[in-house]
Amino acid sequence: PLFVMKPHKQMVGRKCGPANYFSFVDVLFKHQSEFSNPQFKTKSPLDLLRLLASWTVDYGIGLEELGASMEDDAVFDAIKAAQRRGISLGVWSTPTFYLNGALLTKVSGGDDVCTWIDYIDSFDIT
């Protein structure tokens with residue numbers, strides 16, 4: 001899940017740029033079993049960096065640039081602030097949806113567009 005993903009993986013997604021962020025998140029989900037398993041816990045941070053760099057090369061980001069981006073305190077602080085905000089709102093998993101500050105609980109990311117439209121239309125947001 002993106003919300004509980006370690007900040008360094010979110011930092012890589014941001015480094016890929018706004019146009020590629022969700023594309024890279026898809027890459028992370030596709031390869032999640034490669035880094036989210038008991039065996040990987042014995043690996044070093046450099047091992048994780050190399051693994052991430054093997055995927056970011058398709059986005060024009062090499063190992064050195066990726067390593068430097070991991071040192072960007074401003075990006076790290078922004079990610080941590082977003083996580084704290086999510087926790088304060090009760091976000092514990094993805095996807096979680098809000099409309100005008102109200103948690104949407106009757107629809108999910110798997111619902112079709114018509115279900116979403118009907119649900120949103122049920123709110124008086126005029």
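In helix α4, the buried residues are Leu-48, Leu-49, Leu-51, Leu-52, Ala-53, Trp-55 and Thr-56; buried denotes a relative accessible area under 20%, exposed over 50%, and partly exposed in between (1.4 Å probe, protein chains only). The structure is a predicted model, in which local features need pLDDT of at least 70 and side-chain atom pairs count only at pLDDT 80 or more, whereas totals for chains, interfaces and linings use all residues. Residues are numbered from 1 along each chain as its sequence is written, and side-chain values use heavy atoms, with hydrogens and water left out.

The chain contains 7 helices and 2 strands, where helices (H or I, at least four residues) and strands (E, at least two) are DSSP runs numbered from the N terminus. Along the sequence these elements follow the pattern α-α-α-α-α-α-β-β-α. The chain has 126 residues, of which 31% count as buried. Among contacts (heavy atoms within 4.5 Å) with a separation of 6 or more, 50% are between residues 24 or more positions apart. The chain exposes about 8,300 Å², and carbon and sulfur atoms supply 57% of this area, as computed by the Shrake-Rupley method with a 1.4 Å probe.

Confidence is expressed as pLDDT, the predictor's value for each residue from 0 to 100. The chain has a mean pLDDT of 78, with 90% of its residues reaching 70 or more. Helix α4 has the highest confidence, at a mean of 86, and helix α1 (residues 7-15) the lowest, at 67. Over residues 1-5 pLDDT stays under 50, and the model has 18 contacts beyond four places in sequence for these residues. Where pLDDT is low, the predicted coordinates should not be read in detail.

The largest nonpolar core comprises 17 residues, and those with the most contacts inside it are Phe-35, Leu-52, Trp-55, Leu-66 and Met-70. A nonpolar core is a set of buried Ala, Val, Leu, Ile, Met, Phe, Trp, Tyr and Cys residues joined through side-chain atoms within 4.5 Å. Two or more residues of this core are given by each of α1, α2 (21-30) and α4. The greatest share comes from α4, with 6 residues. A second, separate core has 5 residues, including Leu-99, Leu-104, Trp-116 and Tyr-119.

Helix α4 has 12 residues, which should span 16 Å at 1.5 Å a residue; the end C-alpha atoms are 16 Å apart, in agreement with this value. The expected span is 1.5 Å times one less than the number of residues. Thr-56 lies in this helix, which covers residues 45-56, and counts as buried because its relative accessibility is 0%. Residues up to four places away in sequence aside, Thr-56 touches Val-12, Cys-16, Phe-24, Ile-61 and Leu-66. Arg-50 also belongs to α4 but is partly exposed, with a relative accessible area of 47%.

His-31 is located in the loop between α2 and α3 (32-35). With a relative accessibility of 18%, His-31 counts as buried. The side chains of His-31 and Glu-34 are joined by a polar contact of 2.5 Å. A polar contact is a pair of N or O atoms within 3.5 Å; within protein, one must be able to donate a hydrogen and the other to accept it, and residues adjacent in sequence count only if both atoms are side-chain atoms. His-31 and Leu-51 are 20 residues apart along the chain, and their C-alpha atoms are separated by 9.9 Å.
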